[in-house]
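Visitor: Please show me the model. I would like to ask how its chains meet.

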There are 2 protein chains.
Amino acid sequence: MNLRLRFALTFALLASLALLSAAPLAAQGDERLGEDGTVRMDGVSVPLSNLMSEEAREYLRHLILDKPFGTAVPDIAEERARQDAIMQGFLDPMRRRYAVDIAQDTIGGVVVDIVTPAGGVPANHSDRVLINLHGGGFVTGARSASLVEAVPLAALMQIKVVSVDYRMAPEHGFPAASEDVESVYRALLEHYEPGKIAIYGCSAGGFLTAQALARFQAQGLPNPAAAGVFCAALDGYSGGDATVLAGPLLGFLPPTPSAPRTAPPPAAGPNYMSSAQRDDPLAYPLASAEVIAQFPPTLFISGTRSFEFSAALNSHNALARAGVESRFHGWDGMFHGFIYNSDLPEAREAYAIMADFFQTHLAD
Amino acid sequence: MNLRLRFALTFALLASLALLSAAPLAAQGDERLGEDGTVRMDGVSVPLSNLMSEEAREYLRHLILDKPFGTAVPDIAEERARQDAIMQGFLDPMRRRYAVDIAQDTIGGVVVDIVTPAGGVPANHSDRVLINLHGGGFVTGARSASLVEAVPLAALMQIKVVSVDYRMAPEHGFPAASEDVESVYRALLEHYEPGKIAIYGCSAGGFLTAQALARFQAQGLPNPAAAGVFCAALDGYSGGDATVLAGPLLGFLPPTPSAPRTAPPPAAGPNYMSSAQRDDPLAYPLASAEVIAQFPPTLFISGTRSFEFSAALNSHNALARAGVESRFHGWDGMFHGFIYNSDLPEAREAYAIMADFFQTHLAD
C-alpha cells in the first residue's frame with residue numbers, strides 16, 4: 001500500500017471514527033444484536049438505556065442495527081464530501097428548528113462561517129461572540145460540521161458565532177489548526193473584550209479548543225471567558241472503559257465465525273497529531289497541571305456510549321483538582337457527537353446547558 | 001421458605017448489593033476473568049481502566065478476582081455484624097489518616113455519632129454542622145458505615161459531623177428513616193442556621209438524603225445549605241446502562257456451563273421501600289420536577305463501574321433542567337462505595353471535592 005493511500009485510509013477511518021466510534025466490524029444479521037437494540041456479550045444483555053428519551057432510543061436502535069453512516073472511503077475528497085452530506089442531513093432539520101443567517105467571511109486571514117440569529121444580533125449582545133471549532137477528526141467537517149455546531153447556539157443565545165475553517169490533515173499537521181484559531185482570536189480581540197468571547201467545539205473541535213487555550217496562554221493572550229469541550233477531553237478522545245466499550249455497545253462487536261469481519265481494521269499511520277509529543281501541553285494540555293490550572297471555566301458534554309466519555313470525566317476531575325471551575329454533563333447511553341442531531345431531546349437539553357453556561361460566564 | 005427468612009435473605013442480599021454491586025455468581029477460575037483483572041465478554045476484553053490510579057487498579061483487580069467481601073448471610077443480626085466488620089476494615093486506616101474524636105449522643109430522640117476533629121472544632125467553625133446518613137441498603141451500616149462516611153470530612157473540613165442512626169429494614173419501612181432525619185434536623189435547627197447545615201450520605205444514605213430534602217420541604221422546614229448525594233441518585237440507585245454493566249465489569253459474569261452459578265439469585269420480597277409509591281416524591285424525589293426544583297445545591301459522586309452511575313448522571317441533568325445548582329464528579333472504572341476506602345487516591349480526591357463544595361455553600 002503506498003503512503004498516500006495509507007494516509008488517506010487512516011484519515012478517512014479516523015474521520016469516520018470521530019462520528020461513529022468504530023468502523024463496522026460485524027456482519028448484518030449478527031445474532032448478538034437484538035431487534036430491540038439489545039447488545040448481547042457472552043450472556044450479558046445490554047438493552048437500550050431506560051434513561052434515554054424515546055426518540056434517542058429509537059435513533060440508537062437504528063444506529064446499532066442499520067449502521068446508517070456506512071464506512072469511510074479511502075479518497076480524502078470523497079470522504080469529506082460523504083461526511084459533508086451526513087452533516088447536511090443534521091443541518092436541514094436544525095435550520096427548520098433554529099432561525100439563523102449564515103455568511104462566509106475571512107477573519108485574521110482565515111475563512112470562517114458567521115452564524116447569526118435571524119433578524120440580527122440584538123444590540124445588547126453585539127459586544128459578545130462565540131468561536132466554534134468543528135469536529136471531524138481533523139480531516140473532515142469544514143464548513144459543514146461547523147454549521148451544525150454553530151446554529152443552535154447562535155439562535156438560543158442570540159449571539160454571533162464565528163466557526164473557523166482551520167487547516168486539517170492530511171494536508172497539514174499539528175499545530176496548523178491551533179495557528180489558525182490563534183489568528184482568528186487575535187483579530188477578534190481587536191473588537192471584543194476577552195471576557196465577552198467564549199470558545200467551544202465538538203470532537204476534534206473540543207480537543208482543538210483545549211489546544212487553542214494552551215496556545216493562547218503560551219502566546220501571552222488573555223483567556224476567553226469560558227470554554228466548551230464537547231465530545232472530547234483535554235488530551236484527545238480516548239482512554240478508560242468507554243474507549244473499549246463504546247464500539248461494542250453501538251453494535252460494533254468483535255468478529256466471530258458466524259459474524260465475520262466485513263471491513264479492514266484501521267491502518268496504522270500518521271495523522272494530524274503524528275508529529276506532536278505526548279508531553280507537549282500545546283498538543284495535549286492535560287500533560288501540564290500548570291497549563292490547565294490557568295484554563296477558563298470549562299464545560300464538558302458527553303454520553304456514556306461515546307468513546308471519549310471516560311477521558312472527559314477524567315479531564316473534568318483534573319480541572320477541579322487544578323482549582324478551575326469545571327462542569328460535566330453526560331447522558332446515559334448517548335453516543336459520540338449526539339449533539340449533532342437536534343431531533344433528540346438530549347441534544348436540545350445539552351444546547352440549553354451550553355447556552356446557560358456561556359451566558360453565565362460572558363461578562364455583562 | 002417462611003416470610004421471616006425471605007425477608008432476611010432479601011435484606012441481607014440488598015445490604016451486600018449496596019457494597020458489592022452484585023452477589024457473586026461466577027465460580028472461581030472463570031476463564032473470562034484475566035489474571036490482570038481484564039473482563040472478557042464474547043471477545044470484548046475490558047482491561048482495568050488506564051485512567052485509574054495504580055492503587056485503585058490493584059484494588060479493583062482484587063475485587064474482580066478474589067471477591068473479598070463474600071456473600072451476604074440470611075440472618076439479619078449476623079449480616080449486620082459481617083458488614084460492620086467490613087466497615088471496620090475501612091475505618092482503621094481512615095482513623096490513622098484523619099485525626100478525629102467520636103462520641104455517641106442523642107439528638108431529637110435519635111441516636112447519633114458525633115465526629116469532630118481531634119482537638120475540637122475551631123471557634124470559627126462552631127456555628128456549622130454536617131448531617132451524615134450512612135449507606136447499607138437501609139439494612140446495615142448503622143454506627144459503622146456512619147463513621148467511615150463522617151471521619152474524612154470532619155477532619156478535612158474541621159467541622160462537626162452528626163451521623164444519624166436512623167431506623168432500618170426489616171424492622172421498619174419507609175418513611176421511618178426520613179422521620180428520624182427530620183427529628184435530628186429540627187433539633188439542630190434550634191442551634192444552627194439552616195445556611196450553616198449541609199446533609200449528605202452514600203448509597204442508601206445518598207438516596208435518603210434526597211428523601212429527607214423532600215420531607216423537609218413538605219414539612220415547611222428551610223433547606224440546608226447544600227446536599228451530597230454520593231453513590232446514589234435522587235430516585236434510588238438503579239437505571240440505565242450502569243445497572244446492567246457494573247456487575248459484569250466487577251467480575252460477576254452470568255453463569256455458563258464452565259462457570260456455573262455458585263450462589264442463589266436474590267429472592268424477591270419486601271424491603272425498606274416496599275410500601276412506597278413510585279410517584280410519591282417523598283419516596284422518589286425525582287418523580288416531581290416541582291419538588292426537586294426547590295432542592296439546595298447538590299453534589300453527586302459516583303464511579304463508572306457503579307450500578308448507580310447512570311441514574312446519578314440522570315439526576316444531575318434533572319436538577320440542571322430544574323434550575324438547581326448541581327455538580328457531578330465521576331471516576332472511570334470505580335465501583336460502588338469506593339469512597340469508603342481512603343487508601344485509594346480517587347477516594348481522597350472525592351473527599352477534597354466534597355469538602356470544597358460544602359465549604360463553598362455553608363454561609364460565612
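Visitor: Which side chain of chain A meets B:Glu349 in a salt bridge?
Guide: This is a predicted model, where local features need pLDDT of at least 70, side-chain atom pairs count only at pLDDT 80 or more, and totals for chains, interfaces and linings use all residues. Residues are numbered from 1 along each chain as its sequence is written, chains are lettered from A in the order in which they are written, and side-chain values use heavy atoms, without hydrogens and water. A salt bridge puts a side-chain nitrogen of Lys or Arg within 4 Å of a carboxyl oxygen of Asp or Glu. Here N and O are 2.3 Å apart, and the partner of B:Glu349 is A:Arg321.

Visitor: How many salt bridges does the rule find across the interface of chain A and chain B?
Guide: The pair A:Arg321 and B:Glu349 forms a salt bridge. Across the interface of chain A and chain B, the rule finds 4.

Visitor: How large is the area buried between chain A and chain B?
Guide: Buried area is the accessible area (1.4 Å probe) that two parts lose on being put together, summed over both. Carbon and sulfur atoms give 56% of it. The total is about 3200 Å².

Visitor: How many residues of chain A are in contact with chain B?
Guide: Contact means heavy atoms within 4.5 Å. Chain B brings 42 residues to the contact. For chain A the count is 42.
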